[in-house]
Amino acid sequence: MDKITMKNMQFFGRHGVLPEEKTLGQKFFVDAELYLDLRDAGETDKLQYTVDYGAVYSMIRDIMEKESYNLIEAAAETICCDILFAFELVRKITVVVKKPEAPVPGIFDYFSVELTRERDA
């Protein structure tokens with residue numbers, strides 16, 4: 001299966017359990033891999049045979065910036081489900097949501113969740 005990769009998209013959101021996270025907000029990074037058959041798109045050079053990744057980006061941005069979740073797991077689940085619902089060419093999706101400013105005492109790059117969801121046959 002072919003793949004469209006969207007890496008390190010940065011958003012400012014208000015996700016987290018603590019009140020400060022909801023009030024102040026913080027940076028989040030999102031990766032998405034969309035699995036679909038791209039043969040017709042490659043052979044015809046027509047957008048109708050692929051997924052408009054600008055539209056996918058906008059959907060992810062709206063979820064990350066306009067919604068508020070306690071858990072990044074919930075944000076990732078929403079991204080997966082919404083993309084599978086909106087873009088029927090996508091057969092499978094993997095989403096990684098990274099939280100580099102998690103309120104955890106210590107030195108780290110980020111905490112993240114990775115979800116993979118597939119369209120029912």
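Start by selecting Q26, which sits in strand 2; strands here are DSSP E runs of at least two residues and helices are H or I runs of at least four, numbered from the N terminus. This is a predicted model, where local features need pLDDT of at least 70, side-chain atom pairs count only at pLDDT 80 or more, and totals for chains, interfaces and linings use all residues. Residues are numbered from 1 along each chain as its sequence is written, and side-chain values use heavy atoms, with hydrogens and water left out.

Is Q26 buried or exposed? Q26 counts as buried because its relative accessibility is 3% (buried means under 20% relative accessible area, exposed over 50%, partly exposed in between, with a 1.4 Å probe and protein chains only). Now show E21: its side chain makes a polar contact of 3.0 Å with that of Q26 (a pair of N or O atoms within 3.5 Å, one able to donate a hydrogen and the other to accept it; residues adjacent in sequence count only if both atoms are side-chain atoms). Beyond four places in sequence, the contacts of Q26 (heavy atoms within 4.5 Å) include F11, F12, H15 and K99.

Next, colour the largest nonpolar core, which has 29 residues (buried Ala, Val, Leu, Ile, Met, Phe, Trp, Tyr and Cys joined through side-chain atoms within 4.5 Å). Helix 4 gives the most to this core, seven residues.

The buried residues of helix 4 have strand 2, helix 3, strand 3 and strand 4 among their cover.
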